[in-house]
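Dear colleague,

I am handing over the structure below, and my notes on what was found in it follow directly after.

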Amino acid sequence: MSPRITPLTETEPGPSSHRLAWLASGPAGEPLGSAFLRLFDREEQRHLAELELSVHPAERRGGVGTRLLDVALAAAEAQGRRSVLAQAEQGSPADLFLAARGFRPVLSLIYARLPLTDADPAALDALAGRPCPGYRLTEWDGTVPAALARTYADARRAMDDMPMGDTDHGRVVWDVDRLVAAAEAVARRGDLLHTVAAVDTADGSVVGFSELVVPGDGRGDGQHYGTAVLPEHRGRGLARRMKALSIRRARERHPELGGLLTDTADGNAPMRAVNEALGYLPTHRSVEHRRDL
């Protein structure tokens, strides 16, 4: 029997996107799977949608995933999207499912974890405190301080040349309002955002940043959101220093935190080297798939 597909409504859209959702259920109403389609609302990414699709292992190969996929793709096309992205662990059933249904791999990601019990506080202090002429590190919780907001927004272009393969991801344009909205979104869900930034002492401008989000209860694992340095300030070890200070603060503030998670494009050799030097251990690889509509 074909599963019943029920559309759901997201109660609160994000600062730059909203989601559509569907639940697949069986004859007795039992849940079989779900699909979430994130639709980006800002002009530079309005061509794009991101799909998360999940089917209970016992219900696979029964058409549930295909039904959910068909509904989500139809919605994306109706919304005028030209590309749909979906991520799956390399070699997993989801990876094979996407490849068999018109998606093509466009980016390989390496996921890694740093067990905080393995991090050496003295080594982190030495690295974070190592002099770097012309620069200083600063940090804040939540929303960026007003005095740094404009140059921090400008520094977000440091992510523009991050390897993205053929994802058709578009160029994300940041301004102060977007920074504030993103920080507020993290706070609303109860998580803690901590940012370390590198500042050019010549003019006081932010030239690099490293963001870490920690669960509100200080347990489980934290997640690095982004670490980047403007091209004209690279080659001075700023990324490693910022990330070292971020790790140090996480250890100090959250003694029950288990580890820190990060993901890096396979082709991003400099950031992979930073992670390896700081003790991050690879856990798995994931593949970003794209389907054109």
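The protein carries 36 positive and 40 negative side chains, and the centres of these two sets are 2 Å apart; Lys and Arg count as positive and Asp and Glu as negative, with His and the chain ends not counted, and each charge is placed at NZ of Lys, CZ of Arg, CG of Asp or CD of Glu.

Please keep in mind that this is a predicted model, in which local features need pLDDT of at least 70 and side-chain atom pairs count only at pLDDT 80 or more, while totals for chains, interfaces and linings use all residues. Residues are numbered from 1 along each chain as its sequence is written, and side-chain values use heavy atoms, with hydrogens and water left out.

Of the 293 residues, 44% are buried, meaning under 20% relative accessible area with a 1.4 Å probe and protein chains only. The largest nonpolar core has 43 residues, among which Ile247, Leu260 and Leu278 touch the most other members; such a core is a set of buried Ala, Val, Leu, Ile, Met, Phe, Trp, Tyr and Cys residues joined through side-chain atoms within 4.5 Å. Helix H6, residues 238–253, gives the most to this core, with 7 residues (helices are DSSP runs of H or I, at least four residues, numbered from the N terminus). A second, separate core of 23 residues includes Leu32, Leu69, Phe97 and Phe103.

Setting aside residues up to four places away in sequence, Ile247 touches Leu114, Leu116, Ala119, Leu124, Leu260, Leu278 and Tyr280, where contact means heavy atoms within 4.5 Å.

Best regards

Methods:
Buried < 20%, exposed > 50% of the residue type's maximum accessible area, 1.4 Å probe, protein only. Helix = DSSP H or I, 4+ residues; strand = E, 2+ residues; numbered from the N terminus.
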